[in-house]
Amino acid sequence: MTFNDIFKSSFLENVTSVSLLDMVIALVLAFGIGLFIFLVYKKTFAGVMYSSSFGVTLVALTMITTIVILAVTSNVVLSLGMVGALSIVRFRTAIKEPLDIAFLFWSIAVGIVLAAGMIPLAVIGSAFTGLTLLVFVNRKTHINPYIVVLQCENHACETQAKAFLEKNTERCVVKSKTAQKGQIELNLEIRLKNDNTDFINALSELDGVQSAVLVSYNGDYMG
């Protein structure tokens, strides 16, 4: 092999397989749409503890996927090797919120579509997806279920408190009941008629009611 053959190697030829302009356009668009995905995630987050690192991961994942797909589309042999390399990757981080999976797939899909050159599909599809999430996730809070933790002294007080809740809420269902000597504890799922929660103050003032706690409930529930 001569010195001239070194510069004719396939490795050096692959340097120009993807133009600099294509790389810059793809990465800038990936960063912009990834940032949009991050903002939608921040606006629609409904979990207990917000993780800013997950939002940054969405931006990075969009750009990384774009880089990988750009490399794959420029070389058929590389695409086969990339499939084999990625097949051994295992992710150990648990996804706590089901909606987080949608954001991860959204970031990956945008990176793939951008690298494939389908820019209008990536932009319009992301705008439509973001708008859909904002509309359906950020609904009015009064239609969401709440849990009332009620402590009262006797059965008469329990009946009175339940009747009060049924009158002042859209729906009231007993989820659990704990009875001890001199004390009854109830967990009731309710649906509010509006955003006003002053009825809890009035409930705590009823005779025999020891405490009344209203808790927002974001878990799974049946109809």
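Tutor: Let's start with a rule: rings of Phe, Tyr and Trp (its six-membered ring) pair if their centres lie within 6.5 Å; planes under 30 degrees apart count as stacked, over 60 as edge-to-face and the rest as tilted. Keep in mind that this is a predicted model, where local features need pLDDT of at least 70, side-chain atom pairs count only at pLDDT 80 or more, and totals for chains, interfaces and linings use all residues. Residues are numbered from 1 along each chain as its sequence is written, and side-chain values use heavy atoms, leaving out hydrogens and water.

Student: How many aromatic pairs does a search of the whole structure find?

Tutor: Five. Take Y41 and F54: their ring centres are 5.0 Å apart and their planes stand at 50°, so this pair is tilted. Helices here are DSSP runs (H or I, at least four residues), as are strands (E, at least two), numbered from the N terminus. Y41 sits in helix α3 (residues 20-44) and F54 in helix α4 (residues 52-74), so the pair ties together parts that are 13 residues apart in sequence.

Student: Are Y41 and F54 buried or exposed?

Tutor: Buried means under 20% relative accessible area, exposed over 50%, and partly exposed in between (1.4 Å probe, protein chains only). Both Y41 and F54 are buried. Another pair is F103 with W106, whose ring centres are 5.9 Å apart with planes at 35°, so they are tilted. F103 has a relative accessible area of 1% and is buried, while W106, at 8%, counts as buried.

Student: Which residues do ring pairs link into a cluster?

Tutor: The cluster holds F36, Y41, F45, F54, F103 and W106.

Student: Which residues of α8 are buried?

Tutor: In α8, C157, E158, A161, F164 and L165 are buried. They cover an arc of only 130° around the axis, which puts them on the same side of α8; the arc is that of the directions from the helix axis to the C-beta atoms. The face turned away from that buried side carries the exposed residues H155, A156, E166 and K167.

Student: And how do I read a nonpolar core?

Tutor: In soluble globular proteins, nonpolar side chains tend to be buried together. A nonpolar core is a set of buried Ala, Val, Leu, Ile, Met, Phe, Trp, Tyr and Cys residues joined through side-chain atoms within 4.5 Å. Here the largest one has 20 residues, and V148, L150, L165, I190, F199 and L203 have the most contacts inside it. Two or more residues come from each of β1, α8, β3, α9 and β4. A second, separate core of 14 residues includes A30, I37, F103 and W106.
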